[in-house]
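I set out to record, entry by entry, what I looked up in this model. The notes follow the order in which I took up each topic.

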Amino acid sequence: MEKSTEKIPLEAMEIIKGVFSIGDSEIVDIASVKEGMTNRSFLFTCKGQRYIIRIPGEGSGRLIKRSEEEAVYKAIAGKGLCDDVIYLNAEDGYKITRYIQSARVCNPMDWEDVAVCISKLKDFHNMQLCVAHEFDIFGKILYYEQLRQAPSMYTDYEMTKNKVWKLKSFIDRLVKKKVLTHMDAVSDNFLFTPQNEVQLIDWEYAGMQDPHVDIAMFCIYAGYDRALIDHVIDLYFEGKQTFPEKVKCYCYLAVCGLLWSNWCEYKSRLGVKFGDYALKQYSYAREYSEIALTYIMEGNLCEEWNMSKELS
């Protein structure tokens, strides 16, 4: 885990003292860890145990409903899915978890790692857990557009968005059941413990959705090309995916790419830059909306679902 010299905020110190009923001198070995895309985190030790405190990042209050995050952690409690949450404030987003010593994140270019993580992801989906809220991808795209308060930096944005929106009716017809879905199932959120277990962390975006969205999330964060994406789809479905299911996954690559592209544009207005990552997300939206639409039309899927007028 990468560390920096940033100092822990006083508010975080007060929370730690309150949670553990200790004084300043009992909080030691404080270190800032690599800043995440939504939050900042600090390592610390107290009472002989190592912990991580999460501090919400810029604009996260408008991106995350912490009461929904709290509901997710209640739904997955005791299921062997995630790290040990010690404290979570559903109002301000501060969270304390037990630090897993010597854990490492998934290497998206190590296919043994990837296979284990995709299996873990599918096992989670098969639990069919439920919460009261949904992560509405198309609704979130519009919401992030509103947050950025300016036209997109991409000159062909409206054209790309129009293609992505044409995929919605195909997706809606193919979704069989919505279950609790992670929505941020990227390689960095899979921890391999020294006991060879896998923990899936950072559930703040989780909600009810088609679980196959998580396949796309894993792929676009890893920056996979078409061949590697197809391999991940094969891993998840064990090679038994139907043609429409594969096309639906391509649809999600486009939709999720546009989602995170808008997310990045909003964060950039707050001074948080993501460089090539942001551009790559938009590229997935542009490329895979075209690929998915072509497959839908040429594979006669639009006729099967009576979609010809919707895609014209």
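Predicted model: local features only at pLDDT ≥ 70, side-chain atom pairs only at ≥ 80, totals over all residues.

**Entry 1**

**Entry 2**

I turned to strand E6, residues 95-98, and its pairing with strand E4, residues 49-56. E4 and E6 are antiparallel, and four bridges join them. Within this pair, I found Ile-52 opposite Thr-97 of E6.

E6 also pairs with strand E5, residues 85-88, again in the antiparallel sense, over three bridges. Which residue of E6 is the bridge partner of Leu-88? I noted Lys-95 in that position. E5 and E6 form a hairpin with six residues between the strands. In that hairpin, Gly-93 takes a positive phi near 90 degrees.

**Entry 3. The sheet E7-E9-E10**

I next examined an open sheet of three strands, whose order is E7-E9-E10 and whose pairing is antiparallel. Which strands stand at the edges? They are E7 (104-105) and E10 (198-200). Each of these has a single partner strand, so one side of each is left without a neighbour in the sheet.

For strand E9, residues 190-192, I recorded three bridges to E10, the two running antiparallel. Phe-190 stands opposite Leu-200 in E10. Helix H4, residues 111-126, packs on this sheet and touches E7, E9 and E10. The direction of H4 makes about 120 degrees with that of E9.

**Entry 4. Helices H5 and H6**

I looked up how helix H5 (residues 137-148) lies against helix H6 (residues 157-166). Their axes come within 12 Å and cross at roughly 160 degrees. That angle makes H5 roughly antiparallel to H6, since angles over 145 degrees are counted in that way. The crossing of H5 and H6 is left-handed.

On the H5 side, I listed Phe-138, Ile-141, Leu-142, Glu-145 and Arg-148 in the contact. H6 contributes Tyr-157, Lys-161, Val-164 and Trp-165. By class, the contact of H5 with H6 has six nonpolar, no polar and three charged residues.

**Entry 5. Helices H5 and H10**

I then took H5 with H10, whose axes are 9 Å apart and pack at an angle of about 20 degrees. H5 is therefore roughly parallel to H10. Their crossing is left-handed.

The residues of H5 that meet H10 include Ile-137, Phe-138, Ile-141, Tyr-144 and Leu-147. Among the H10 residues in this contact are Val-255, Leu-258, Trp-260, Trp-263 and Tyr-266. For the contact of H5 with H10, I noted eleven nonpolar, one polar and five charged residues.

**Entry 6. Helices H9 and H10**

Last, I looked up helix H9 (residues 226-237) against helix H10 (residues 243-269). Their axes are 11 Å apart, and the packing angle is about 125 degrees. H9 and H10 are therefore oblique to each other. H9 passes H10 in a right-handed crossing.

The contact uses Arg-226, Ile-229, Asp-230, Ile-233 and Phe-237 of H9. From H10, I recorded Glu-245, Lys-246, Cys-249, Tyr-250 and Leu-253. The residues of the contact of H9 with H10 divide into six nonpolar, no polar and four charged.

Notes:
Residues numbered from 1 in each chain as written. Heavy atoms only, no water. Axes fitted to C-alpha atoms, helices over the stretch in contact; angles between N-to-C directions. Parallel < 35°, antiparallel > 145°, perpendicular 65-115°, else oblique. Left-handed = near helix turned anticlockwise from the far one by under 90°. Contact = heavy atoms within 4.5 Å. Nonpolar A, V, L, I, M, F, W, Y, C, P; charged D, E, K, R; others polar. Pairing = 2+ DSSP bridges.
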